[in-house]
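Trainee: Before we go through the model together, could you show me the sequence and the structure?

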Amino acid sequence: MNPPDLLPPVPNLPLLPVPPRKGMSTGVIVVIVVGVVVLVVGVLAALAIPTFRRVQAMAQEIKNKQTPALNPPPPLTAAQKQALERFGVELAEALSKKDSARVMSLQDAEGLTARVFGKLPTGIPNSTEMRAGFMQGIKKREGGWMWSVLGGEVRFLRARERQGFPAVLLRVKSAEGAVNYIDIMARPEGDSFRAVDMFNYIFATTASEESRNALAAMVSKSAGGGLAALLGMPKMDEAVSGYLVSINEAMRSGNMAEVLRICDGLPQELKTQRIFFILRLQALMSLSSSDKVETQYKEALRAAPDILGKDSTTDLLMVDLLYMENDLKGAEECLKRVEAVVGGDPYLKYLRGGTRLQMKDYPGALELADQAAKEDPKMAEIVDLRITVHLARKDYKALADELRAFKRNFGQVLDRKALADDAQYAEFLASPEFAAWEKELAAP
């Protein structure tokens, strides 16, 4: 997938970005949490499943025998490997364009349902009503179980394998530059593939796993202790279901302050459980621009590695914390580790370049910009980085050359009108180098 044609607002970049409270600017990294758990809560709220007490009754019939889970396909042929890459490109484009119908057609709701229910005891997954209700809940939401990715800037990076399934690695980026990575697990269908699950790098979890956790959380300790234990969940009482419903309602209305209030009022034993910790963390991230939650947000970030587990890519979260604490060197080290985990991404080099810029390591910033440009020549964000570096160094010849390259490579012209409203360009606009550039623009 080619990067979007929309270019960032180059003229509005600060001369030397002040390290903000959260993330970084010119190379802004504000971690986007792809809402696996929010997805699950939303789906459960929409299910046509039995009431809570009927779930309890089903749990009492648990047996040790388990129904078959969805098995990975045989090793891919050379042709299938090529088809998997085409699937990745197609899915990324459909997600970016918010083509929900196309996204839904590339999902396998039955496959995800088998992933969720295949590991549950026979007393629950044999319920046709519950399985059908789960699928209905997925299909009722725009974008299905990929709704949280719908409409972001999604880029296919490479094909790989996850839990024995063919998978495509996608980079998900918000308009603000926030970034996360997901593996979409798939199985062959005809001459293409359909998605059966989604692995979130921050939380090191899949949509199917969190769905099972949510189902376990809805079963009381009196009737469903066996189910909860089977799924690695503590014994919970009936109030847990009420918490999940209340949080879901608050999230659907966009009231993240209410989500935080509910999570802060949870019993202590629930606060460190993944499902509630992640929901609270997402609320804090949404509210983190407020000084009122800064301390809580930092505390949650520090706790994340222990609660989310060593396999999660918590470096994506730690970057936020380190920037808030002005540890730029530590932030770049985090980004390097993320690069190693995902197998490389030029956007991460661009973000590292932004870090070097804030450290006033201008040669290092330009070197990383060059490396990123070699991997992705059409990444428009690199222009931001280079222009800001040249402005900081007052290297107006290099800046004028960058404007020429911008016109040549992207077909966009930054002239006096485009730059005059920003005071940081005043000296450049009065320079001989800009005069020469302006003369070139005026030539027939």
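Trainee: What share of the 444 residues in the protein is buried?

Mentor: This is a predicted model, in which local features need pLDDT of at least 70 and side-chain atom pairs count only at pLDDT 80 or more, while totals for chains, interfaces and linings use all residues. Residues are numbered from 1 along each chain as its sequence is written, and side-chain values use heavy atoms, with hydrogens and water left out. Buried means under 20% relative accessible area, exposed over 50% and partly exposed in between, with a 1.4 Å probe and protein chains only. Of the 444 residues in the protein, the buried share is 57%.

Trainee: Is Ala92 buried or exposed?

Mentor: Ala92 is found in helix H3, residues 78–96, where helices (H or I, at least four residues) and strands (E, at least two) are DSSP runs numbered from the N terminus. Because its relative accessibility is 0%, Ala92 counts as buried.

Trainee: Which residues does Leu266 touch, not counting those up to four places away in sequence?

Mentor: Leu266 lies in the loop between helix H10 (256–264) and helix H11 (268–271), and with a relative accessible area of 5% Leu266 is buried. From C-alpha to C-alpha, Leu266 and Tyr243 are 8.1 Å apart in space and 23 residues apart in sequence. With contact meaning heavy atoms within 4.5 Å, the residues that Leu266 touches under that exclusion are Tyr243, Lys271 and Phe276.

Trainee: How is H17 oriented relative to H18, roughly parallel or roughly antiparallel?

Mentor: Axes are lines fitted to C-alpha atoms, for helices over the stretch in contact, and angles run from 0 to 180 degrees between N-to-C directions. The axes of helix H17 (residues 362–375) and helix H18 (residues 381–393) come within 10 Å and cross at roughly 160 degrees. Angles under 35 degrees count as roughly parallel, over 145 as roughly antiparallel, 65 to 115 as roughly perpendicular and the rest as oblique, so the relation of H17 to H18 is roughly antiparallel.

Trainee: How many nonpolar, polar and charged residues are in the contact of H17 with H18?

Mentor: In H17, the residues that meet H18 include Tyr362, Leu366 and Asp370, and those in H18 include Ile382, Arg386 and His390. Ala, Val, Leu, Ile, Met, Phe, Trp, Tyr, Cys and Pro count as nonpolar, Asp, Glu, Lys and Arg as charged, and the others, Gly among them, as polar. By class, the contact of H17 with H18 has 10 nonpolar, 1 polar and 3 charged residues.
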